[in-house]
Amino acid sequence: MAKSANESTVKRDSVFIYSDDLLNYRFSADHPFNQKRLQLTLDLLKDSGFINDEDIIPPRSATDEELALVHDPAYIKAVQLAGRGELSKDKAENFGLGTEDTPVFKNMHEASARLVGGTLTAVDEVMENRYQHALSLGGGLHHGFRGKASGFCIYNDSSVAIRYMQQKYNARVLYIDTDAHHGDGVQWSFYDDPSSCTLSIHETGRYLFPGTGAVNERGHGKGYGYSFNIPLDAFTEDDSFIEAYEKSFRKVIEFFKPDIILTQNGADAHCLDPLTHLSSTIRTYEEIPRIAHELAHEYCDGRWIAVGGGGYDIWRVVPRAWSRIWMEMTGAVPESDNIPQSWLDKWQGESPVPLMKTWSDPDGICQEIPRRREISEKNRQTVEKALYPILKIKNKS
């Protein structure tokens, strides 16, 4: 049984952005992107005693003007028409809508604008100094482009949020993406912009959508040198993932010196995820927010916004992984390794797989990787190549 949240165990400097409206972002009953994971995560935190109603703020909707900070107005109009059933199939496909990945659904504009508004709500809470940290798990839709939907993503909330922070708060934003899929939409949105910096640690695009995120994607024009990519080998395990993440994060933040950190926290690098080929366990998802939290306080006076992202084992992986972000933000610590029985009883009947009964993963959950040493060494070389420009500068000075 977990300790109940109280002033002695949990600091109240963090805010959780949520309402049931976020569940309306729903393509179909059998689509892999399933926002029930938000409900499962919040319920796990509540049953663990780690969050109370006063910690939660509902998301607002992003306005069309805010969406247009990144997205083409013609595309926004197309999404609105599609959600009303007023866009032809041919026109929809020109905008990446009505595809297998991103099917059209009723009121898709309103649902998507709410997700973006959730991330903007988090931004204002932190940038106006009401909270140091904010968690908006409905966000993290990092594949959305200026005029096209892609990879389950209609509007790109992180790109909108970065531009919003630049314009409203004159902020230098460091974006860190640990989704197994490359954060392509965010990268391309700021590829020529030296006032923002993106770092994506992901599975190599050799085997996985979207196929981008190579080391040599470093930016363009004035933005050259402000995009960093760490494409990890398939079957990368905890130690190598964490090593690559921590080293690259520490070097990039030292180089860029941001005003705020925005982290995208896809939980699909876990070995149980059905869509990817990495071999992380929950240990990686303990370390990712721990390091982000530490560096936010070291460089940004604690300013840290975290959003969700991928994660397609919504029953066994995502709730435990995403709960760790809030637990890190607030200092909550489970009294034991056991998941609350009340949560297990509530959801096991609906889950198609046996739920995990512990916060940690059992030994042997991932298959043994015979190429472990080779993979780890290749990842170290990748990190060195990715960081070479800033390591070279530091060595010269």
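Asn107 is partly exposed, with a relative accessibility of 39%; buried stands for under 20% relative accessible area, exposed for over 50% and partly exposed for what lies in between, with a 1.4 Å probe and protein chains only. This is a predicted model, in which local features need pLDDT of at least 70 and side-chain atom pairs count only at pLDDT 80 or more, while totals for chains, interfaces and linings use all residues. Residues are numbered from 1 along each chain as its sequence is written, and side-chain values use heavy atoms, with hydrogens and water left out.

**Backbone geometry**

- Asn107 is not a glycine, yet its phi is positive, at about 60 degrees.
- Asn107 sits in the loop between α4 and α5 (108–127); helices (H or I, at least four residues) and strands (E, at least two) are DSSP runs, numbered from the N terminus.
- Lys257, also not a glycine, has a positive phi of about 50 degrees.
- The loop between α8 (238–256) and β7 holds Lys257, and this residue is exposed at a relative accessible area of 53%.
- A cis peptide bond runs from Phe209 to Pro210, with omega near 5 degrees.
- Pro210 belongs to the loop between β5 (196–203) and β6 (227–232).

**Cysteines**

- One disulfide is found in a search of the whole structure, the criterion being a pair of cysteine sulfur atoms within 2.5 Å.
- The disulfide joins Cys271 and Cys366, with 2.1 Å between their sulfur atoms.
- Cys271 lies in the loop between β7 (260–264) and α9 (282–299), and Cys366 in the loop between α11 (341–347) and α12 (372–396), so the pair ties together parts that are 95 residues apart in sequence.
- The disulfide is left-handed because the torsion about the S-S bond of Cys271 and Cys366 is about -80 degrees.
- Cys271 is partly exposed at 22% relative accessibility, whereas Cys366 is buried at 17%.
- Cys300 takes part in no disulfide, and the nearest cysteine sulfur, that of Cys197, is 12 Å away.
- Cys300 is buried, its relative accessible area being 0%.
- Cys153 is buried too, with a relative accessible area of 3%.

**Packing of α1 with α10**

- Helix α1 (residues 36–47) packs on helix α10 (residues 318–330) at an angle of about 55 degrees, and the axes are 9 Å apart. Axes are lines fitted to C-alpha atoms, for helices over the stretch in contact, and angles run from 0 to 180 degrees between N-to-C directions.
- α1 is therefore oblique to α10; angles under 35 degrees count as roughly parallel, over 145 as roughly antiparallel, 65 to 115 as roughly perpendicular and the rest as oblique.
- The crossing of α1 and α10 is right-handed. A crossing is right-handed if the near helix is turned clockwise from the far one by less than a right angle, and left-handed if anticlockwise.
- On the α1 side, contact (heavy atoms within 4.5 Å) is made by Arg37, Leu38, Leu40, Thr41, Leu44 and Leu45.
- On the α10 side, Val318, Pro319, Arg320, Trp322, Ser323, Trp326 and Met327 make the contact.
- The contact of α1 with α10 comprises nine nonpolar, two polar and two charged residues. Ala, Val, Leu, Ile, Met, Phe, Trp, Tyr, Cys and Pro count as nonpolar, Asp, Glu, Lys and Arg as charged, and the others, Gly among them, as polar.

**Packing of α9 with α10**

- The axes of α9 and α10 cross at roughly 30 degrees and come within 9 Å, and the two helices are therefore roughly parallel.
- α9 and α10 make a right-handed crossing.
- α9 contributes Ile282, Tyr285, Glu286, Pro289, Arg290 and His293 to the contact, and α10 contributes Arg320, Ala321, Arg324, Ile325, Glu328 and Met329.
- By class, six nonpolar, one polar and five charged residues form the contact of α9 with α10.

**Two loop residues**

- Asp301 is in the loop between α9 and β8 (304–307) and is exposed, at 57% relative accessibility.
- Leaving aside residues up to four places away in sequence, Asp301 touches Gln132 and Ala296.
- Asp301 and Asp259, 42 residues apart in sequence, have their C-alpha atoms 8.1 Å apart.
- Ser88 is in the loop between α3 (73–83) and α4 (89–94) and is partly exposed, at 38% relative accessibility.
- The C-alpha atoms of Ser88 and Ala78 are 9.8 Å apart, the two residues being ten residues apart along the chain.
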